[in-house]
Amino acid sequence: MITRLGRSAPRILDLESLQEFDRRAAKATAMRGWHLYGLDLTQREGALEALNPAGAVLVDCTLTPESEARLRAAGAYVVADGAEVGPVEAERHSLYTPQELYAGLKKGPYERVPDARIYAWARTHLGVSGENPALADDSRAATRLAAMHDHSIATALHAAVESGPLSGRPLVGVMGGHGAQRGGADYADAAALGRAIVNAGGRVATGGGPGAMEAANLGGYLAGLSQAEFEAELGALSAVPSPVPDPGAWARAAFEVLERHPHGETGLGVPTWFYGHEPPNVFATHIAKYFSNAQREAVLLVVATGGTVMLPGRAGTVQEIFQEACDGYYGAAEKVAPLVLWGSRYWTETLPAWPLLLALSQGSPLEGRVHLVDTIPEALAALGLG
């Protein structure tokens, strides 16, 4: 089965039989985008050595120790022991914390922490991309469990936003692709934006993943630092620019920042195990993690009552722009939050979403609530902050 997952994601190839693996391996030179589930690959060492494994995801596959070490070192995610995670906590009464999702990271690889093991459970028991083709009794039970979990997370998020630790300031959504790397200009821009939002009286909410999402949460968390201190932490993180090839090293570098600054500003991340091969960033102090990506995306846009800034991205970001626009178009005018596109050249030339958005807004509740900006002061003004 082939599916498309995520913003700017590669083509995904799901392999669940040795016959399919052999057929694909005979024609390929690389495994990027391959997701392998429960395969005994101990007799396929020769085939594995002939393939570049960077970007592959292997869930509950049987490997020799030598093959597992080589695959990890070359950039594959090897997620083991998913069956050991046991039942997912269906009725939570609070949001996750980074420390909870990454428990045990200091003592072992990322693939052994709760976040990765729950991803392995989801892929095994919920089926590919959340589908449930077999409809076996255990699959039905797992689907019910995931739905109950997501309902309890939604309830906990509502409480946190209405009267809990995420209340009192407008939540501003910052959307953008996962590809921005630490040390890069796009990452620095997103971090500066997150910092400015908090210093202007808002609170940052993102999709909770790496890239621009991590950068915005980082900026919000470290908003109280001086400019020099802030730039020093950006420089420290750049030593591990992305979760590939080692998500554990990427997360450990972030936790080192938290250890140096344990009392940062509160922020929200809303990631999903649907994109489980993208680990959550640790700079969101409160994490509402869902199994259902559709529910997660809808919830994130709803809670961002302070407006949303759309950084340059690809298909997923374009989808979010018009999902937000659709809600505003048919919504009550007094409830329409600002929708801000960052990067006039990008949104008018590279992916010309702005002309369509502007035309759509005319004569609707969106009119006067959509903005195209290039600077932080323009973004803050559009959001009504500062």
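These legends describe close-up views of a predicted model.

**View 1. A nonpolar patch on the surface formed by Tyr329, Tyr330 and Leu360.** Together, Tyr329, Tyr330 and Leu360 have about 330 Å² of accessible area. Tyr329 belongs to helix H12, which covers residues 315-330. Its relative accessible area is 33%, so Tyr329 counts as partly exposed, a class that lies between the limits of 20% and 50%.

**View 2. The aromatic pair of Phe21 and Trp34.** The model has 10 aromatic pairs by the rule used here. In the pair of Phe21 and Trp34, the ring centres are 6.2 Å apart and the planes stand at 90°, an edge-to-face arrangement. Phe21 is in helix H1 (residues 18-25) and Trp34 is in strand S3 (residues 34-37), so the pair ties together parts that are 13 residues apart in sequence. Phe21 and Trp34 are both buried.

**View 3. The aromatic pair of Tyr102 and Tyr110.** A pair of aromatic rings is described by two values, the distance of the centres and the angle of the planes. For Tyr102 and Tyr110 the centres are 6.0 Å apart and the planes are at 45°, so this pair is tilted. Tyr102 and Tyr110 are each buried.

**View 4. A cluster of rings with Tyr96, Trp121, Trp273 and Phe291.** The cluster is held in one group by ring pairs that link Tyr96, Trp121, Trp273 and Phe291. Tyr96 also has a charged neighbour: Arg92 lies over the face of the Tyr96 ring, 3.8 Å from the ring centre.

**View 5. Arg195 over the ring of Phe230.** The charged end of Arg195 is placed over the Phe230 ring, at 4.8 Å from the centre of that ring.

**View 6. Gly306 and the residues that touch it.** Gly306 is in the loop between helix H11 (293-303) and strand S10 (308-310). With a relative accessible area of 10%, Gly306 falls under the 20% limit and is therefore buried. Leaving aside residues up to four places away in sequence, Gly306 touches Pro170, Leu171, Val172, Pro338 and Leu383. Ala50 is 256 residues from Gly306 in sequence, and the C-alpha atoms of Gly306 and Ala50 are 51 Å apart in space.

How values were computed: Residues are numbered from 1 along each chain as its sequence is written. This is a predicted model: local features need pLDDT of at least 70, side-chain atom pairs count only at pLDDT 80 or more; totals for chains, interfaces and linings use all residues. Side-chain values use heavy atoms; hydrogens and water are left out. Patches are made of residues with over 30% relative accessible area and no salt bridge: like charges are joined within 9 Å, nonpolar side chains (Val, Leu, Ile, Met, Phe, Trp, Tyr) within 5 Å. Accessible areas come from the Shrake-Rupley method with a 1.4 Å probe; for residues, only the protein chains shown count as cover. A salt bridge is a side-chain nitrogen of Lys or Arg within 4 Å of a carboxyl oxygen of Asp or Glu. Helices (H or I, at least four residues) and strands (E, at least two) are DSSP runs, numbered from the N terminus. Buried means under 20% relative accessible area, exposed over 50%, partly exposed in between (1.4 Å probe, protein chains only). Rings of Phe, Tyr and Trp (its six-membered ring) pair if their centres lie within 6.5 Å; planes under 30 degrees apart count as stacked, over 60 as edge-to-face and the rest as tilted. A charge sits over a ring if NZ of Lys or CZ of Arg is within 6 Å of the ring centre and within 35 degrees of the ring normal. Contact means heavy atoms within 4.5 Å.
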